[in-house]
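Please open the structure in a viewer and keep the selection panel at hand.

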Amino acid sequence: MKFGVIVFPGSNCDHDVYSVLKDTFKQETVKLWHKNTDLEGCDFIVVPGGFSYGDYLRSGAIARFSPIMNEVIKHAENGGYVLGICNGFQILTEAHLLPGALLRNNNQKFNCKNVFLQATTQNSLLTQNTDPAKAYKIPIAHAEGRYYASDADLNALIANDQILFRYCDENSRVTEDSCPNGSAMNIAGICNKERNVFGMMPHPERAADDILGNIDGRVIFESILQLVGQV
């Protein structure tokens, strides 16, 4: 499997993801400049975190119109895999590859800290190796991470088992106090109905190397690589 990590002006987590995939997991990985109109044969596209285009207008709203996003949309519509992390999640909602939107945190502050996640389903490429009973400690770093969707979209997410992660406490209890941004239903990550496009606000790439003192994020990458028998 070949991975492509998109780089926008303002991306700052592209090398983190690139390093985890290429150096930690020894996968063929390339960086894709936002003006490219060729995905270079990549099977799995990662839209990383950061502040694409300075987050002007609205987070992800300008990046959605970068030339490469036309190819990402085609890739997704043809069944190709796409993962958006943090700003990448925002971009995927702006591109209508995922339902809903990411709004300003309810405390109106930039939140940068470790949080706990509960994997809500194992029925996805990202979560198939997760333990539903475990609270995974994963960092967040965002000002617009409050997931919002209409009642109809939320009901569809539930009915189709599209909610991947919810914010929880260290004991895996999903409570209002454990949600760092006011997201609807404590949602931290979702997938599309076809289960090939994924978005999450926390940063698993920042919790995937022993040197960082936390490897809770590795399970997400291990789940992805199980697809091709790499773990």
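Begin by selecting glutamate 205. Apart from neighbours within four places in sequence, glutamate 205 is in contact (heavy atoms within 4.5 Å) with Cys13, Asp16, Val17, Val20, Ile85, Leu212 and Phe221. This is a predicted model, in which local features need pLDDT of at least 70 and side-chain atom pairs count only at pLDDT 80 or more, while totals for chains, interfaces and linings use all residues. Residues are numbered from 1 along each chain as its sequence is written, and side-chain values use heavy atoms, with hydrogens and water left out.

Glutamate 205 is located in the loop between S11 and helix H5 (218–225); helices (H or I, at least four residues) and strands (E, at least two) are DSSP runs, numbered from the N terminus. Its relative accessibility is 3%, so glutamate 205 counts as buried. Buried means under 20% relative accessible area, exposed over 50%, and partly exposed in between (1.4 Å probe, protein chains only).

Next, select arginine 195, in the loop between strand S10 (187–191) and strand S11 (197–200). A salt bridge is a side-chain nitrogen of Lys or Arg within 4 Å of a carboxyl oxygen of Asp or Glu. Now show the backbone oxygen of asparagine 160, which lies 3.0 Å from a polar atom of the arginine 195 side chain.

The whole structure holds six salt bridges. One of them joins glutamate 94 and arginine 58, with the closest N and O atoms 2.6 Å apart. Glutamate 94 belongs to helix H3 (residues 87–94) and arginine 58 to the loop between strand S3 (44–47) and helix H2 (67–77). Glutamate 94 is buried at 18% relative accessibility, whereas arginine 58 is partly exposed at 42%.

Finally, select the entire protein, which has five helices and eleven strands. Of its 231 residues, 56% count as buried.

Conventions. Polar contact = N/O pair within 3.5 Å; in protein donor to acceptor, adjacent residues only side chain to side chain.
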